[in-house]
Amino acid sequence: MPVDSPHWGLVYSRSIYKKIVNYNPDILHIQYPTVPYGRGLAPQALVFLSRAYPTVVTIHEFSQSHLLRRVAITPFAIAARRLIFTNLYEQTALSKWFPLIKVRSEVIPIGSNIPFLDDEIPRDPNIVVFFGLIRPNRGLEEFIALVRQAIVHKKPYSFKIIGSPQEGVEGYFLALKQQTQELPNLAWNVGLDPESVARELAKATFAYLHFPDGASERRASLLAAIGNGVVVLTTKGLQTPPIFSGAVEFVESPAQALKVLDELRFARERLNLMSQRAREIAGLFSWDMIARLHIQVYKQMTNSGKNLTPSSK
């Protein structure tokens, strides 16, 4: 049962806690950070107020967070019964600050809210897509640079930007759309429902997703693309797991991306193998698997009343 509040500042902690008491939960699970929290510290206070309930906190970001955000995670590291990280890199980063969290933390990946379509939809070998939240530092500028280079070099590719503007940065979206109006080979598909997004991805052969800190299993947009068999050109970083090798192509710049597109476009056998491998990897991050891993953690917590060493990493 979700606990909602219009305010997440520290002064609202007790009123939020009263809602939790009314539910009398077996487990209190906090996701951190999330957009509604903003800079509010009520989630941190709840870890201490709710000591009567076993508390688990999923830490979505730590290594790339601002120093103040890292400090704000300290109460969770100290007081939460269990911690969940979305990949091993994030778990390792926080354990450098708090070594003892290793024995009471798990790694459980996120999944994609975009369905993976099994039916065969004809793919256009010239379609290249971007998919993700439309906000700064998501690789959109690099994608648009690729579009412009394709025009300069008279390449036959068609490009699509699929996504939705993040609340609060709508001006960024409007500015980019205005700047790209003159590009004849670029279309914007904004605000589509998940099924429609999946169909647009399934029509494309390629995606170019330039993540500033590299591809990782934390990237839901990447999972959505590979789950629908798209061959993704992306960046490699410290968080990039080895399992992506052979399923995606690593590139460092829009110029290199254009070169790789030209190399792959007619390599049908290689494209088919990459697409198949991509789908196999995406299957490891299914919501069924993620749900089972969470249920396992919940059962351990309710059956014990004390910290347990995770059964698996």
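1. At 30% relative accessibility, R279 counts as partly exposed, where buried means under 20% relative accessible area, exposed over 50%, and partly exposed in between (1.4 Å probe, protein chains only). Leaving out residues up to four places away in sequence, R279 touches L117, R123, I226, G227, N228 and G229, a contact being heavy atoms within 4.5 Å. R279 and D118 are 161 residues apart in sequence, yet 10.0 Å apart in space, C-alpha to C-alpha.

2. A word on what you are looking at. This is a predicted model, in which local features need pLDDT of at least 70 and side-chain atom pairs count only at pLDDT 80 or more, while totals for chains, interfaces and linings use all residues. Residues are numbered from 1 along each chain as its sequence is written, and side-chain values use heavy atoms, with hydrogens and water left out.

3. Now the overall build. The protein has 12 helices and 10 strands, and its C-alpha trace spans about 65 × 40 × 35 Å along the principal axes. Buried residues make up 50% of the 313. Of the contacts between residues at least 6 apart in sequence, 74% join residues at least 24 apart.

4. Which residues of the largest nonpolar core touch the most other members? They are V128, F143, F159, I161, L201, L222 and I226, in a core of 61 residues. A nonpolar core is a set of buried Ala, Val, Leu, Ile, Met, Phe, Trp, Tyr and Cys residues joined through side-chain atoms within 4.5 Å. A second, separate core has 26 residues, including I16, Y17, F76 and I101.

5. Helix α9 (residues 220-227) deserves a look: seven of its eight residues are buried, so the helix is largely enclosed by the rest of the structure. Among the buried ones are L222 and I226. Their cover includes β5 (124-134), α8 (194-203), β8 (204-209), β9 (231-234), β10 (248-250) and α11 (268-283). Just after α9, G229 takes a positive phi of about 75 degrees.

6. L140 belongs to helix α6 (residues 140-152) and is buried, with a relative accessible area of 0%. Not counting residues up to four places away in sequence, L140 touches F130, I134, I161, Y172 and L176.

7. Finally, some backbone details in the loops. Y32 and P33 are joined by a cis peptide bond, with omega about -5 degrees, and P33 lies in the loop between β1 (28-32) and α2 (42-49). N24, in the loop between α1 (13-23) and β1, has a positive phi of about 50 degrees although it is not a glycine. N24 is exposed, with a relative accessible area of 55%. N137 also has a positive phi, near 65 degrees, in a residue other than glycine. N137 is found in the loop between β5 and α6 and counts as exposed at 59% relative accessibility.

Methods:
Helix = DSSP H or I, 4+ residues; strand = E, 2+ residues; numbered from the N terminus.
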